[in-house]
Amino acid sequence: MTRPAAAAALAAGAELLGWWAALTALWIVLISSVGTLEWVVGALSALLAACAARAARRASRDR
């Protein structure tokens, strides 16, 4: 992997991680009880939303 490609992959991973962390935190704040199932559902939902947010940002940038 070349340096620019590695840097782009690292930036994409950092962006996904940032979105995921923010959305998971928001989920946990907004629910009333925090149990294991709520953590799992929130984390998976946040991961899907993070992927969608990154895709939407890339789509708007590439226009």
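Arg-54 lies in helix H2, helices here being DSSP runs of H or I with at least four residues, numbered from the N terminus. The model is a predicted one, where local features need pLDDT of at least 70 and side-chain atom pairs count only at pLDDT 80 or more, while totals for chains, interfaces and linings use all residues. Residues are numbered from 1 along each chain as its sequence is written, and side-chain values use heavy atoms, with hydrogens and water left out.

Arg-54 counts as buried because its relative accessibility is 17%; buried means under 20% relative accessible area, exposed means over 50%, and partly exposed falls in between (1.4 Å probe, protein chains only). Setting aside neighbours within four places in sequence, Arg-54 touches Ala-12, Glu-15 and Leu-16, a contact being heavy atoms within 4.5 Å.

Stepping back to the whole chain, the secondary structure is two helices and zero strands, a strand being a DSSP run of E with at least two residues. The chain is more spread out than a compact globule, because its radius of gyration is 14 Å, well over the 11 Å that the globule rule gives for 63 residues. That radius is taken over C-alpha atoms, and the rule is 2.2 Å times the number of residues to the power 0.38. The C-alpha trace spans about 45 × 25 × 15 Å along its principal axes. Of the 63 residues, 16% count as buried. The accessible surface comes to about 4,700 Å², with 72% of it belonging to carbon and sulfur atoms; such areas come from the Shrake-Rupley method with a 1.4 Å probe, and for residues only the protein chains shown count as cover.

Part of that surface is a nonpolar patch made of Leu-17, Trp-20, Val-40, Leu-44 and Leu-47, with about 460 Å² of accessible area together. Patch residues have over 30% relative accessible area and no salt bridge, and nonpolar side chains (Val, Leu, Ile, Met, Phe, Trp, Tyr) are joined within 5 Å, like charges within 9 Å. A salt bridge is a side-chain nitrogen of Lys or Arg within 4 Å of a carboxyl oxygen of Asp or Glu. Helix H1 (3-30) and helix H2 (36-61) each supply at least two of the patch residues, and H2 gives the most, with three. Val-40 is found in H2 and is partly exposed, at 42% relative accessible area.

In the unreviewed UniProt entry, the annotation "transmembrane region" covers residues 7-30 and 36-56.

Key
UniProt positions renumbered as here; feature names shortened; annotations may be inferred.
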